[in-house]
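This briefing gathers the points that deserve attention when the model is opened in a viewer. Please keep the sequence beside the coordinates while reading.

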Amino acid sequence: MKNWTRKDFLKASLAAGAVGLLTGRRLSAALAGGSANGDIRIGVVGINGQGGSHMRTYFDLPGAKLVALCDADEAVLNKCVQEAAGKGIKVSAYRDYRKLLEDQGIDAVVIATPNHWHSLMTIWALQAGKDVYVEKPLSHNIWEGRQAVEAAKRYPNRVAMAGTQNRSSADIKEAIAYVRAGKLGKIQWARGLCYKLRDNIGQTVGPQPVPATVDYDLWTGPAALTPPRRNGSRGSVHYDWHWFWNYGGGDISNQGIHQMDVARWMLGEPGLPPSVMSVGGRFGYQDDAETPNTLISVYHYEKAPLIFEVRGLPMKAGMRAMGRYRAAQVGVILQCEGGYAHVSEGGNVTLYDNDNKKLQFLANAGNISNVHRTSFVKAVRDRKVIDGALIESHLSTSLCHLGNISHLLGAECSNSEIGEAIRSNEPTQEAFGRCLEHLKANDVNGEVTKTRLGPLLAIDGAKEKIVGQESKIVEAANRSLLMKREGRAPFLVPNFQKAT
Ligand SMILES: NC(=O)c1ccc[n+]([C@@H]2O[C@H](COP(=O)([O-])OP(=O)(O)OC[C@H]3O[C@@H](n4cnc5c(N)ncnc54)[C@H](O)[C@@H]3O)[C@@H](O)[C@H]2O)c1
């Protein structure tokens, strides 16, 4: 990501209404218990990739002051502390997040650790009296995401916001208003697309060493403590955890959560769907990763279905370019009777008629990540989250988990068996047909590398549980790691929910 210039900030702050934020900041900071000059004192946690980007934003974001950094990897921590020093910013450095939370000189934390830590770190921050911005996805599993939402209700004086940044997109809001006004007619379906090249991460034999600079007990936190089983170009610990169920949820929960959130938002669905079903697998190479690189998850909302497609393989074997669905590679298509909306990865919207003629183009004011970060500073000032509410992120994150749960409970089948099983499910059938073409173009022989067909899972949205007649499947789904994990002391997620 490019460094944020002052010009970008001005654009972003206009979009987020931050002009009032700047003028009123001393008074509100006093109310919020901020620093003497009114700046919100920020600590960034988990600073290797995305956290490093947050840190750089807070080097010079008006209204905020970077005061602390935290990372379980001493090498990452030292590098970032030095980078901050190079900008003339002296920060407190922590390896243990619990110590950072004891620091009374910090008002708000920005969490960019791996997913398996997100909900617990959010809850601990609220309990420690800090405001919090937590990266997407909100949770590693549905139960923990719910606890974070309930914790935020328990601490209403604190601000809690999620890093699903498209929620700050003014033009998505405009497009939603356009659709809600009926200008494109009735909604027929929403399709989230995550066509993003994901390379082979290599194959190891046995447990891999943890670098001496990493406190692996802290890094693992609430996940099960097991040695790393990967050692690709990113090493044995960082980034590639995305492709292991103990920590992440594959690309549907990584890049895909952004498009899932936009798709559900555009559909106007305020909860979970009555059922979900997935088809997919990991194709094209053999490596250590566990999560699928090809997945279709269909969410059967009553009004209109939400179809989500993940593709990690390119357009064709030997290429790096990715295929498209209409204009989208990573994006959302909302199909209505009279035309459709395409939302790009960066949150820009184009409206088309059904002959693909452009009706309107709506462009964001600036980089959407920076607009969202500005929204956070404003939310802390105003003590009110407008964009990026935890509940929205929780629901969309839960959709990703549900798609993965169906996949995990699935069985490998031949393409003809799958075709038969999904015969009466038009959206799944259509997406699967295109998916087979895509796999063929990548020389994947579907009869040798079989695809996994997940069961159709019925969902009780109020209880956030799987229900239905087939008790074996229901029990297995509710026991899934992505529904609720055992946890690991002393990193246990507190229960904020009444027993159901
Ligand atoms: N909003 C977005 O567009 C966006 C973009 C990229 C990544 N992300 C999210 O940001 C998060 C981080 O992604 P990444 O690619 O930077 O991962 P990464 O593995 O490269 O970096 C994570 C860092 O967190 C540190 N960490 C782990 N446990 C810790 C702990 N207990 N205390 C302190 N530090 C700890 C690690 O040592 C590492 O330096 C992910 O959840 C990802 O989904 C969001």
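A residue is called buried if 20 or more other C-beta atoms lie within 10 Å of its own, exposed if 12 or fewer do, and partly exposed in between, with C-beta atoms placed from the backbone. The structure is a predicted model, in which local features need pLDDT of at least 70 and side-chain atom pairs count only at pLDDT 80 or more, while totals for chains, interfaces and linings use all residues. Residues are numbered from 1 along each chain as its sequence is written. Helices (H or I, at least four residues) and strands (E, at least two) are DSSP runs, numbered from the N terminus.

**Domains and their interface**

- The protein chain is divided into domain 1 (6-167 + 371-389) and domain 2 (169-365 + 391-478), with bounds that come from an automatic or database domain assignment.
- The centres of domain 1 and domain 2, taken over C-alpha atoms, are separated by 28 Å.
- Across the interface, 34 residues of domain 1 are in contact with 35 residues of domain 2, two residues being in contact if their C-beta atoms, placed from the backbone, lie within 7 Å.
- On the side of domain 1 that touches domain 2, helix H1 (6-15), H5 and helix H8 (142-154) each supply at least two residues, and H8 gives the most, with 5 residues.
- The residues on that side of domain 1 divide into 16 nonpolar, 10 polar and 8 charged, where Ala, Val, Leu, Ile, Met, Phe, Trp, Tyr, Cys and Pro count as nonpolar, Asp, Glu, Lys and Arg as charged, and the others, Gly among them, as polar.

**Shell around the ligand**

- The ligand is surrounded by 29 residues, of which the closest are Gly46, Asn48, Gly49, Gln50 and Ala72; a residue counts as near a molecule or strand if its C-beta atom, placed from the backbone, lies within 6 Å of it.
- H4 and helix H10 (216-220) are the elements that give two or more residues to this shell, and by class the shell has 12 nonpolar, 13 polar and 4 charged residues.
- Both domain 1 and domain 2 give residues to the shell around the ligand, so the ligand lies between them.

**Helix H5**

- Helix H5 (residues 74-86) has 13 residues and reaches 18 Å from its first C-alpha to its last, close to the 18 Å expected at 1.5 Å a residue, the expected span being 1.5 Å times one less than the number of residues.
- Val76, Leu77, Cys80, Val81 and Ala84 are buried in H5. They cover an arc of only 130° around the axis, which puts them on the same side of H5; the arc is that of the directions from the helix axis to the C-beta atoms.
- These buried residues of H5 pack against helix H4 (50-59), strand S2 (64-70) and strand S3 (92-94), whereas the face turned away from the buried side carries the exposed residues Gln82, Ala85 and Gly86.
- Just after H5, Gly88 takes a positive phi of about 80°.

**Helix H9**

- In helix H9 (residues 170-180), the residues Asp171, Ile172, Ala175, Ile176 and Val179 are buried. Seen down the axis of H9, they fall within an arc of 145°, so they line one face of the helix.
- On the other side of H9, Ala177 and Arg180 are exposed.
- The packing partners of the buried residues of H9 include strand S7 (187-195), helix H12 (256-267) and strand S11 (330-336).
- Gly182, which follows H9, has a positive phi, near 80°.

- Thr350 lies in strand S13 and is partly exposed, with 19 other C-beta atoms within 10 Å.
- Not counting residues up to four places away in sequence, Thr350 touches Ala327, His342, Lys358 and Phe361.
- Thr350 and Gln360 are 10 residues apart in sequence and 5.8 Å apart in space, C-alpha to C-alpha.
- Asn356, in the loop between S13 and S14, is exposed, with 10 other C-beta atoms within 10 Å.

**Backbone geometry to check**

- Most residues other than glycine have a negative phi, and most peptide bonds are trans.
- Asn356 has a positive phi, near 65°, and Arg383 has a positive phi, near 55°.
- Arg383 lies in the loop between helix H13 (368-382) and helix H14 (390-408) and is partly exposed, with 14 other C-beta atoms within 10 Å.
- A cis peptide bond with omega of about -15° joins Lys136 and Pro137, and Pro137 lies in the loop between strand S5 (131-134) and H8.
- The peptide bond from Ala489 to Pro490 is also cis, with omega near 0°, and Pro490 lies in the segment after helix H17 (471-478).
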